[in-house]
Amino acid sequence: MQRVLFHETVFGPIHSRRLGISLGINLLPNDGKVCTFDCLYCEAGYNAQGAGTTGLPPREKVAAELEAKLSSMKENNEQLDVITFSGNGEPTIHPSFKEIIDDTIALRDRYFPEVKISVLTNSTQLADRDDVIEALLKVDNPIAKLDSAIPATLSILDRPRHPLYTPSIAATGIKRLGDKVIIQTMLLRGTAANLEPIDNTTPAEVDALVNLIREINPRGVMLYSIDRATPCTTLTRVSREDMLQIARRMEAAGIKNVTVN
């Protein structure tokens, strides 16, 4: 079974194809996965591997480890573009997420004031969690997942833990972030474990996604495809040319700042 990638609370820096030189923060267990999605393509593996034994890192541990790393990087004149919340699951489910964001902003301002703070969220907490929205509005790049505007496709691809979660609910939450939000969409093809076909690049899929993204009116859209091994091995990467065609379709519809990674 494919297992979690991140075994530290603060990890890297690594080179992110979308964000640059990124120092990662994992607010989930270091030896297990906790997420409100169970995506077929998740590089951290399926939720079935369990939550592990380490638990969610306390706010104080996150701040202490982040300060130690930033201080060391500053002393050694290391380059840094962004501090990114990602890790072994959904970062916004941490009960101290808002306070951790406040700590991170303060530490960023002290050591690397020019560095951006990004949060990669699957959008499941946005509709109902005022504290999460308040925190995300403080960061430079709130990056929200929207893999499909068609309910059946989202259900197959992202496998939300809440059975009634839909693209409409996702959009309702994402719109609460206003024009600060960036949409992130994974494009792929293949079959699920039960051999059900998956392709969120068809004309019908793209048309529906374009319409929903126009309704959200984000600051930008990031399109990307598979870059690492996936727990579902019957998925295939979408070519850059195909992604560029989708990007051009979005731009023609008036969607701003569409990038392909």
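Which residues line the second largest pocket? In this predicted model, local features require pLDDT of at least 70 and side-chain atom pairs count only at pLDDT 80 or more, while totals for chains, interfaces and linings use all residues. Residues are numbered from 1 along each chain as its sequence is written, and side-chain values use heavy atoms, with hydrogens and water left out.

The lining of the second largest pocket consists of Thr36, Phe37, Thr124, Gln125, Ala127, Asp128, Pro160, Arg161, His162, Leu164, Tyr165 and Ile169. A pocket is here an open set of points, on a 1 Å grid over the protein atoms alone, with protein on both sides within 12 Å along at least five of seven lines; lining residues have an atom within 4 Å of a point. The volume of the second largest pocket is about 180 Å³, where a volume is the space filled by probe spheres set on the points, and grid points are joined across faces, edges and corners. By class, this lining comprises 6 nonpolar, 4 polar and 2 charged residues; Ala, Val, Leu, Ile, Met, Phe, Trp, Tyr, Cys and Pro count as nonpolar, Asp, Glu, Lys and Arg as charged, and the others, Gly among them, as polar.

Two residues of this lining, Phe37 and Tyr165, also form an aromatic pair. The structure holds 3 aromatic pairs, defined by ring centres of Phe, Tyr and Trp (its six-membered ring) within 6.5 Å, with planes under 30 degrees apart counted as stacked, over 60 as edge-to-face and the rest as tilted. The pair of Phe37 and Tyr165 is edge-to-face, at 5.6 Å centre to centre and 70 degrees between the planes. Phe37 lies in the loop between strand S2 (20-26) and H1, and Tyr165 in the loop between helix H4 (151-158) and helix H5 (167-174), so the pair ties together parts that are 128 residues apart in sequence. Helices (H or I, at least four residues) and strands (E, at least two) are DSSP runs, numbered from the N terminus. Phe85 and Phe97 form another edge-to-face pair, with 6.3 Å centre to centre and 75 degrees between the planes. Since Phe85 lies in strand S3 (residues 82-86) and Phe97 in helix H2, this pair ties together parts that are 12 residues apart in sequence. Phe85 and Phe97 are likewise buried.

The search of the whole structure finds 1 cavity of 30 Å³ or more, a cavity being a set of points where a 1.4 Å probe fits but cannot get out. The largest cavity holds about 30 Å³ of space and is lined by Arg59, Val62, Ala63, Leu66, Ile100, Asp103, Thr104 and Leu107. Helix H1 (59-75) and helix H2 (97-111) are the elements that give two or more residues to this lining.

In the largest nonpolar core, which has 75 residues, Leu70, Leu146, Leu223 and Met250 touch the most other members. Such a core is a set of buried Ala, Val, Leu, Ile, Met, Phe, Trp, Tyr and Cys residues joined through side-chain atoms within 4.5 Å.

The backbone shows a cis peptide bond from Gly12 to Pro13, with omega near 10 degrees, and Pro13 is placed in strand S1 (residues 10-16). Asn77, in the loop between H1 and S3, has a positive phi near 55 degrees.

Conventions
Buried means under 20% relative accessible area, exposed over 50%, partly exposed in between (1.4 Å probe, protein chains only).
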